[in-house]
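I opened this notebook to record what I looked up, entry by entry, for someone who has not seen the structure before.

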Amino acid sequence: MYRAPSSSSGASGFLMLIFLLWGAFYLAGCADTPVDPGFDDTLPPVETVDEAELELAIDPDLVEAAIQDVEATVGLSASAAEAYVEIQRAQGLFADAQIAYTSGDYPQVLSLATQARSALGTAVLIGRGDGAVVEMVERVKLVRDQLAAGDTDDFDDPAGLQAALDDLIADAEADLARGDAVGAAERSVLAGQRTDRSRDRAGDGSRDRARDGRRDRSRDRERDHTRRPDRDGHGEDGARFAVARALQAVSIAERLLEGQDLTEQQEHMLEAAQRLTEKAQEALDVGHFRQAVMLGNRAVVTALRAVLARDVDEAEVRTIIEVAEANIEAAKAALEANPDEFLRAVLNRAIHAFELGLRKIDDGDFKGVGLVWQAAVSAGVVAG
């Protein structure tokens, strides 16, 4: 069980204890105690600590999804061994952030998490070069465009997330312009975590979950062996659906790209989508349902980026539309034969996204392609 840091619990209690102790020493007339208690000026009042950022640093699933995404991106590149040294360093830094959180040093938690994300960015740069970092930023743009186009049902506080992604994209592009690829990658990793958290809190009642930043190892072992519902409220059905979407997205991407002369980045992105899908399946198999959902969602976006990693012409956009249309019709037929309330809701949302995407495309807005893609993937799962 994890507990989101709260100003009414861990942080405030810790700082209140410090203030009470200092006050007691002062009132007791300790001669060596200065008027200024001498706290580090970098320690902000607890109310200024961003609880969401703390969660990104210490939540094991949010951390692991970011790490596995980078592992999928690096893959078996020529420089993979050197890149994996940086990935291991990131794991150590996130572990240190957990320790700092337990001790109540929240500014240190945030600092260590930033360092960990920078290490992950360095791993991508070492393993795949500047082009892969650019692709990381482009993937963030796809999610931002999905939100901007109005497909927001999967997200908690979509307006807030969109604003955050806008800022991170602008900063990442500025980093790239001045040659700071690691900085751009670090911001992209952070954007991915924020997106995972937003999706997570929007589904399965997880926004009401408690988090304490610690893993119950006995429950992990029990869950791994019995495949019971995930401790954080995500059921197996939801995870299976997320993995099925990832499989469908990779399948569609492979069909669309078959026989084409792919760019190096397209090949890398398709391979990364395949690896993310495999990792999502592995997480599902051992009962890590929440993690499976995060990795499955990342695979869907990565597969789309594999298709869009070079300029897509009107004919290719039409092909994506045709795939979505065919999948929607097949899904309708499948539900007529075997009605299912959950899948019906999925199809209705897919149809809405498809129609919204078509309107965007007709208006010359390229953001519509992402909506059509999402519709094609979801409808394909419903169609079976």
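**Cavity lining**

I sorted the lining of the largest cavity and found nine nonpolar, five polar and five charged residues (Ala, Val, Leu, Ile, Met, Phe, Trp, Tyr, Cys and Pro count as nonpolar, Asp, Glu, Lys and Arg as charged, and the others, Gly among them, as polar). I note that this is a predicted model, in which local features need pLDDT of at least 70 and side-chain atom pairs pLDDT 80 or more, while totals for chains, interfaces and linings use all residues. Residues are numbered from 1 along each chain as its sequence is written, and side-chain values use heavy atoms, with hydrogens and water left out.

I then looked up the volume of the largest cavity, which is about 270 Å³ (a cavity is a set of points on a 1 Å grid over the protein atoms alone where a 1.4 Å probe fits but cannot get out, and lining residues have an atom within 4 Å of a point; the volume is the space filled by probe spheres set on the points, which are joined across faces, edges and corners). Of its 19 lining residues, Asp69, Arg139, Val140, Gly192 and Arg298 lie nearest the centre. H8 gives the largest share of this lining, seven residues (helices are DSSP runs of H or I, at least four residues, numbered from the N terminus).

**Asp196**

I next turned to Asp196, which lies in helix H8 and is buried, with a relative accessible area of 3% (buried means under 20%, with a 1.4 Å probe and protein chains only). Leaving aside residues up to four places away in sequence, Asp196 touches Leu62, Ala65, Met294 and Arg298 (contact means heavy atoms within 4.5 Å).

Methods
Helix = DSSP H or I, 4+ residues; strand = E, 2+ residues; numbered from the N terminus. Buried < 20%, exposed > 50% of the residue type's maximum accessible area, 1.4 Å probe, protein only. 1 Å grid on protein atoms, 1.4 Å probe; cavity = no way out; pocket = protein on both sides within 12 Å on 5 of 7 lines; lining within 4 Å.
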